[in-house]
Amino acid sequence: MLHRGQESTDGTGGGELTVPMAWLYAEYIADELLRTGDLMPPTSFEFRAGRDALALTIFLSDTSGELSGIRVITQLEKWLSLTAYDQPWQDWVRTRISRLAADALESRAPAPDLDMAAAAWRWLEETELLAPDLDAVPGGGPVLGEDDGPKVWTPAWRLGLPLGHLAIHLF
């Protein structure tokens, strides 16, 4: 959904700013879901990873081109299924972004929402966060606290996706 206020219809935008309302709204919903779940401090990189992963899910799952505030509750199950552990979420994101980019190129319309979504995806793919090794073999010795277990560098989306999924559950 592009906010087209006073924009001309010839694709040039008349020199006016096209506001990425769909992306900003998806990011707002993701932020609220994560804050409600109180899983991470909002200033942490983990929170950003969760917010971006969830915002991508919300934005890219909106196939009608309109995010409606009243429909948020009805979309929770869809977002849960997309963010589930056994789903190829990253492949789905790449496919949806590619498809939307091709559509934008064909229509020659500005796509600020897509630009922001693509930037979020690049950050999630390229940024690595030090996180607990969830694949570590149990019984490898006593682990006294959360910070004492094995840690690995992992792409931010691998940490953000389960946080987003859990935030939806907690909502």
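A residue counts as exposed when its relative accessible area is over 50%, as buried when that area is under 20%, and as partly exposed in between. The exercises below apply this to a predicted model.

**Exercise 1. Classify Asp38 as buried or exposed, and describe its backbone.**

Step 1. Locate the residue. Asp38 sits in the loop between α1 and α2.

Step 2. Apply the cut-off. The relative accessible area of Asp38 is 64%, so Asp38 is exposed.

Step 3. Check the backbone. Most residues other than glycine have a negative phi. Asp38 is not a glycine, yet its phi is positive, at about 50°.

**Exercise 2. State how many helices and strands the chain has, and give their order.**

Step 1. Count the elements. The chain has six helices and two strands.

Step 2. The order is α-α-α-α-α-β-β-α.

Step 3. Of its 171 residues, 41% are buried.

Step 4. Look at contact range. Take the contacts with a separation of 6 or more: 72% of them join residues 24 or more positions apart.

**Exercise 3. Describe how α3 and α6 pack.**

Step 1. Two packed helices are described by the angle between their axes and the distance between the axes.

Step 2. Read the values. Helix α6 covers residues 156–170, and α3 packs against α6 at an angle of about 150° with the axes 9 Å apart.

Step 3. Name the arrangement. Angles over 145 degrees count as roughly antiparallel. Therefore α3 is roughly antiparallel to α6.

Step 4. The α3 and α6 crossing is left-handed.

Step 5. List the residues in contact. From α3 come Leu76, Trp79, Leu80 and Thr83; from α6 come Leu161, His165, Ile168 and His169.

**Exercise 4. Decide whether Leu76 is buried or exposed, and find its contacts.**

Step 1. Leu76 belongs to helix α3, residues 72–83.

Step 2. Apply the cut-off. Leu76 has 12% relative accessibility, so Leu76 counts as buried.

Step 3. Set aside neighbours within four places in sequence. Leu76 then contacts Leu33, Ile168 and Phe171.

Step 4. Take one of these partners, Ile168. Leu76 and Ile168 are 92 residues apart along the chain, but their C-alpha atoms are separated by 6.8 Å.

**Exercise 5. Say how many salt bridges the structure holds, and trace the network that includes Glu27.**

Step 1. Side chains of opposite charge can pair when their charged atoms come close.

Step 2. Take the total. The structure holds six salt bridges.

Step 3. Name the network. Salt bridges link Glu27, Arg48, Arg51 and Asp52.

Step 4. Follow Arg51 to Glu27. Their side chains form a salt bridge at 3.8 Å, N to O. Glu27 lies in helix α1 (residues 21–37) and Arg51 in helix α2 (residues 45–61), so the pair ties together parts that are 24 residues apart in sequence.

Step 5. Follow Arg51 to Asp52. This salt bridge spans 3.5 Å, N to O. Asp52 is buried, with a relative accessible area of 3%.

**Exercise 6. Characterise the salt bridge between Asp91 and Arg94.**

Step 1. Read the distance. The two side chains meet at 3.2 Å, N to O.

Step 2. Asp91 and Arg94 both lie in helix α4 (residues 89–107), three residues apart, about one turn of the helix.

Step 3. Classify each residue. Asp91 is partly exposed at 40%. Arg94 is partly exposed at 37%.

Methods
Residues numbered from 1 in each chain as written. Predicted model: local features only at pLDDT ≥ 70, side-chain atom pairs only at ≥ 80, totals over all residues. Heavy atoms only, no water. Helix = DSSP H or I, 4+ residues; strand = E, 2+ residues; numbered from the N terminus. Buried < 20%, exposed > 50% of the residue type's maximum accessible area, 1.4 Å probe, protein only. Contact = heavy atoms within 4.5 Å. Salt bridge = Lys/Arg side-chain N within 4 Å of Asp/Glu carboxyl O. Axes fitted to C-alpha atoms, helices over the stretch in contact; angles between N-to-C directions. Parallel < 35°, antiparallel > 145°, perpendicular 65-115°, else oblique. Left-handed = near helix turned anticlockwise from the far one by under 90°.
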